[in-house]
Amino acid sequence: MTPAPDTAMVTADGLPLKLKLRQAERRKKLTAFLLVTPLLLFIIVTFVVPIFDMMRRSIDNPEIGEVLPRTTEALQAWDGRDLPPESVYAAFAADMVEGRENRTTGRVATRLNYEISGMRSAVNSTARRAARLEAPFKESLIETHARWGDPYTWQVIQRESGRFTASYYLSALDLRYDESGRITLQPEEQRIYLPLALRTFWLSGLVTVITLILGFPVAYMLATLPLRYSNLLMILVLLPFWTSLLVRTTSWIVILQSQGVFNDIVAFFFGEGARMQLMHNQIGTVIAMSHILLPFMILPLYSVMKTIPPGYMRAARSLGANPFTAFRRVYLPQTIPGIGAGALLVFILSIGYYITPALVGGRTGQLVGNLVAFHIQNSLNWGLAAALGTLLLGSVVILYFVYNRLIGIDNMKLG
Amino acid sequence: MMTPLPPYAGKLERAWHWFYRGFCALVFFFLIAPILVIIPLSFNAEPYFTFTREMLTFDPDGYSLRWYQDFFTSESWLRSVRNSFVIAISATMVATVLGTVAALGLARSYLPFRAALMGLLISPMIVPLIISAAGMYFFYSSIGLAQTFVGVILAHAALGTPFVVITVTATLIGFDYSLVRAAQSLGATPTYAFFKVIMPLITPGVISGALFAFITSFDEVVVVLFLAGVEQRTIPREMWSGIREHISPTILAVATILVAISIALLVTVELLRRRSARLRGLSS
Amino acid sequence: MTRARKTLIAIATAGTFAIGATALAQQSVSLTIVSWGGAYSASQQSAYHDPYMAENPHVRIITDDGSANALAGIRAQAQAGNVTWDLVDMLPSDAQVACDEGLLLEIDHDAMLAPAPDGTPASQDFLPGSLDGECFIPQIVYSTIISYNSTMFPADKQPNSITDFFDVENFPGQRAIQNRPGGNLEWALYADGVPLDEIYDVLRTPAGVERALAKLDTIKDHLVFWTEGAQAPQLLADREVAFATGYNGRMFSAAEEEGQPIRIIWDGQLVEWDGWVIPKGGNNIEAVLDYVRYATDTQRLADQAKYISYGPARASSAGMVSTHATLGIDMNPHMPTHPDNYQTPIVLDNEFWTDYGDELRERFSAWMLR
């Protein structure tokens, strides 16, 4: 037997080396992956699933289909003009009787009231009398409540009987269906979320610019001072960073309120009449947020500036550049990654802010986050809260990709 | 103290130099003053938030410990302290164990989908809290975890893991895995090699990650606002209702205690960071 | 030691054991009761919780100041199947929404609530209109009023009407109002000249809403918004604002108990009920019903009025309202229903707010943001 003309190297157990190496490689990858798996599962269950659940909720629309199944089916054949036929009314009356027994009509009442004001009592009062309704149901229902005689009511029920709805997103973008079913922008005085989004972006931008103006020179000083001084000054940056958000917000309330520390000083020098309104408005929100987010600007700037050799500036100067030119042309361009990181970090944190605006913001200092909380806890329109949350998340994800493109998430540094 | 002005500096440059220094001093003042201002006020003998005449003249009668006494004798505040520690310590343990193990995997460059996994695992840090809290509120409510300790602890652990992952991965950057193989070829079992070679290196990162996770949970209020019932109220939650309803100086006393805790944690993390840098042979 | 004395000790010891045994036999229960916080919760603590716990040592009552977000809490708990709130203090309009959604226990008033001392059944004893909700157990009549800090105006020029509240020229200063449309729209129309009994008819029309908001626009630059009941008296006491809308009982407490210079304007007071609801699916329904029977009987509702100036919802309690528990002042002149105060009231229309609440909250938010 002649040996095969195979020149491949073989390991001790007779397998080709290539294969063996590939096996080892695969095992290494598997081990690494197995180490990550527990956390991956944990984050998926405790964090990712809830976020997706919120997104689902923003289009979820079970109420009408579940509570009014007969009506939903009967309405499918309706052309949407004039009043629906008696079969629809009969189906609706039957649904109402069953819904009254199961106590489920309240859900439909709440859901329809988001679309047309006054539907809550129309549905609830009809449900209370449902068992006593008699054929012909068209007449007896219209007699029970005039709303059932309006074709628009039935158009809305037909439109919102599907499993999913766009209406929460429409509300979140200040859009609505007009009488003919087309999507239009709300009249200007009724718009809420677009102006609020604009304000949120504008205030976040303002806070970002303020923290950049305040943070840049400080980061520069920290990066250029000898270590024994800069370490000391660094504590002044890190202490606020480590101090509870509520503690810092409390401090600002104590300082800014009209009988507070700052106004007391003003009143001491300029008289009682000089007290200023610094809280319950945008001024308070911007000041407190700038303070709270300033460390998030300084730290990334500092870590980038730390890597810039001081020799470059000296070289530029010795070649005849004046200090400002040297700074602008040589130093500044090298800090761009730090500026980008700091600015995006501050901006992302700002647009999701909730606690500080809620406590010091007043009427004009509220942000989108406050309305998300409002719809969860007060108005109870969870679909709308979920839609607003999803839109906010979308803008954060976009910014995050920009951040990743510019800086890379691996470069995230803490303290 | 900083790089001195060169002797050839012009008038404009001198003026700029002093303006720059003054500006930085003001920013440092802006950073630190609001935190310090509440400390003396928490010793105010009067229920006001401003410096009384007695305080300004350092009259001992202007100062008192009554707000601290208030804090240490109030049932609801003490319950919130207990809750804060129970929740923060449990969440920290979960986050630290899961985060450290995952970081060991994430630090290897050959891990498949490494960037995507990293992005996913640190997402709790990037998603605005209000959105995380909303999602958790909806979901945890539907599976019966709202208004339970388990729910709050799981939520806080999820928020804390990114910090552990980041700090531990950072200590492993530049780590030479042939050291582990060397240990094994010299007869060490994998477990023994782990504890003798990797463990000493990552310990500072694990501890500072754990401290970050701890402070994240300890300070967190948005998730607690949504998820916690009256039995799970933490210190920040108690402060929140205090501020919303009626800011008594007791809140300033609590705030002062929290600032003291922050200082202690900050110093610990800083010492650990230096130790880690020394261990890895980087200049500190 | 004498034999008699020994016997006495023996009996006493046995007695103690016996009491201990009965207490053990009754399983200890802890009830979570949700209310509005501040002075109002304090009055419930003194009038209901403390005496009830003294009579029933096996019951422990935990209070939660969560009523401002009660509907959200009840919904979330029902959805999760984890009902931890045993009893919730709630407004009738929210209670009706929760009731219609099947989240609350329906109340059989005569079976579940104590009759009056003279035997009048509960359904006859509670004031007319208060028992309209199927799940609602009324406790008090309260009113939302406008108050002011008297030190912020000259002694000879104190405000005394809703019109003055809207007059920033003659009565300068910040005004604190709640961040919700309820009350604010009614007052705006009243100040704009709409007769009291036509307010809700006007508000049902889009033009009426515009008119109310236009009136509020005239003071918009002077407005601060509060969210929780306790904030309003605090803002007044801190001189952060000159006027504040708020609940009459809290203003009473701040003025009379804490001696703050706060005065109430009864003109246009907005009168409403407040009461208990029992979330379905709780673990302690029996214990809660026992508590509710006790806490809403004639004596307890009358006792409640010793601590805060809210009127009891039972006719039989009205005659028993006397003096404040610690201050000794007559409580009657501080009640919203006292004839001197009840001259120009607006009776809150719950049906209107159940129907138009969603839309008007949106409209009001939009207005606030602009």
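Select the buried residues of H5(A): their cover includes helix H2 (62-67), helix H4 (86-102), helix H6 (119-129) and helix H8 (151-159) of chain A, together with helix H4 (92-100) and helix H16 (350-369) of chain C. The model on display is a predicted one.

Next, select helix H5 itself, residues 105-115 of chain A. Of its 11 residues, 9 are buried, so the helix is largely enclosed by the rest of the structure. To see them individually, highlight Thr105(A), Gly106(A), Val108(A), Ala109(A), Thr110(A), Arg111(A), Leu112(A), Asn113(A) and Tyr114(A).

Turn now to the two covering helices from chain C. The axes of H4(C) and H16(C) come within 9 Å and cross at roughly 60°. H4(C) and H16(C) are therefore oblique to each other, and their crossing is right-handed. To display the contact, select Pro92(C), Ser93(C), Gln96(C) and Val97(C) on H4(C), then Asn350(C), Trp353(C) and Thr354(C) on H16(C). By class, this contact comprises 3 nonpolar and 4 polar residues, with no charged ones.

Colour chain C by domain. Where they touch, 14 residues of domain 1 of chain C meet 12 residues of domain 2 of chain C. On the domain 1 side, the elements giving two or more residues are helix H2 (38-55) and H4 of chain C. H4(C) gives the most to that side, with 4 residues. The domain 1 side as a whole divides into 9 nonpolar, 5 polar and no charged residues.

Bring chains A and B into view together. Their contact takes 73 residues from chain A and 77 residues from chain B. Which element gives the most to the side of chain A that touches chain B? Select helix H1, residues 17-57 of chain A, which supplies 19 residues. The side of chain A that touches chain B consists of 54 nonpolar, 13 polar and 6 charged residues.

Key
Residues numbered from 1 in each chain as written. Chains lettered and ligands numbered in written order. Predicted model: local features only at pLDDT ≥ 70, side-chain atom pairs only at ≥ 80, totals over all residues. Contact = placed C-beta atoms within 7 Å. Nonpolar A, V, L, I, M, F, W, Y, C, P; charged D, E, K, R; others polar. Buried ≥ 20, exposed ≤ 12 C-beta atoms within 10 Å, placed from the backbone. Axes fitted to C-alpha atoms, helices over the stretch in contact; angles between N-to-C directions. Parallel < 35°, antiparallel > 145°, perpendicular 65-115°, else oblique. Left-handed = near helix turned anticlockwise from the far one by under 90°.
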